[in-house]
Amino acid sequence: MQLFVTIGVMTAMMTKPDTWYVAFGPDRTIKSDTRATGPARTTKTFKSEVDAKVFAREIVAKGWTATAGTLNPVQPKRTIAASQIDNWIDFDHAS
């Protein structure tokens, strides 16, 4: 019986849907950024807010811009603008 419950929990964890996204790309406002000739933006999805924050922190560290938010139909809906991303990824002041 215990094996069945454990497998059921593992299956539930593996099938958890993505709930967050991070849209990112080179900062096109910086004219010296030669990487700004590629695709405008890319989006990656994540199963948790923490995973999205970790990825967004890596993107911002590269000097790129990022926005984030919850995917539909997740409630409450959250959107993180590029101007708010630094505060959002600051784990010391996490909400």
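Colleague: What makes T19 and K47 a polar contact?

Modeller: The backbone oxygen of K47 lies 3.2 Å from a polar atom of the T19 side chain. A polar contact is a pair of N or O atoms within 3.5 Å; within protein, one must be able to donate a hydrogen and the other to accept it, and residues adjacent in sequence count only if both atoms are side-chain atoms. The 3.2 Å therefore falls within the limit. Keep in mind that this is a predicted model, where local features need pLDDT of at least 70, side-chain atom pairs count only at pLDDT 80 or more, and totals for chains, interfaces and linings use all residues. Residues are numbered from 1 along each chain as its sequence is written, and side-chain values use heavy atoms, with hydrogens and water left out.

Colleague: How do you know whether T19 is buried or exposed?

Modeller: Its relative accessible area is 18%. Buried means under 20%, exposed over 50%, and partly exposed in between (1.4 Å probe, protein chains only), so T19 counts as buried. T19 sits in the loop between α1 (2–14) and β1. Leaving aside neighbours within four places in sequence, its contacts (heavy atoms within 4.5 Å) include F46, K47, G69 and V74.

Colleague: Why are some strands called edge strands?

Modeller: The open sheet has 4 strands in the order β2-β1-β3-β4. β2 and β4 (79–80) each pair on one side only, and they are the edge strands.

Colleague: Why is the F24 and F55 pair called edge-to-face?

Modeller: Rings of Phe, Tyr and Trp (its six-membered ring) pair if their centres lie within 6.5 Å; planes under 30 degrees apart count as stacked, over 60 as edge-to-face and the rest as tilted. F24 and F55 have centres 5.1 Å apart and planes at 70°, so they pair, and the pair is edge-to-face. They sit 31 residues apart, F24 in strand β1 and F55 in helix α2. F24 is buried at 11% relative accessibility, and F55 is buried at 13%. F24 and F55 also belong to one aromatic cluster with F46 and W64.

Colleague: How do you know that K62 lies over the face of W64?

Modeller: A charge sits over a ring if NZ of Lys or CZ of Arg is within 6 Å of the ring centre and within 35 degrees of the ring normal. K62 is 5.2 Å from the ring centre of W64, so the distance is within the limit.

Note on methods. Helices (H or I, at least four residues) and strands (E, at least two) are DSSP runs, numbered from the N terminus. Two strands pair if DSSP finds at least two bridges between them.
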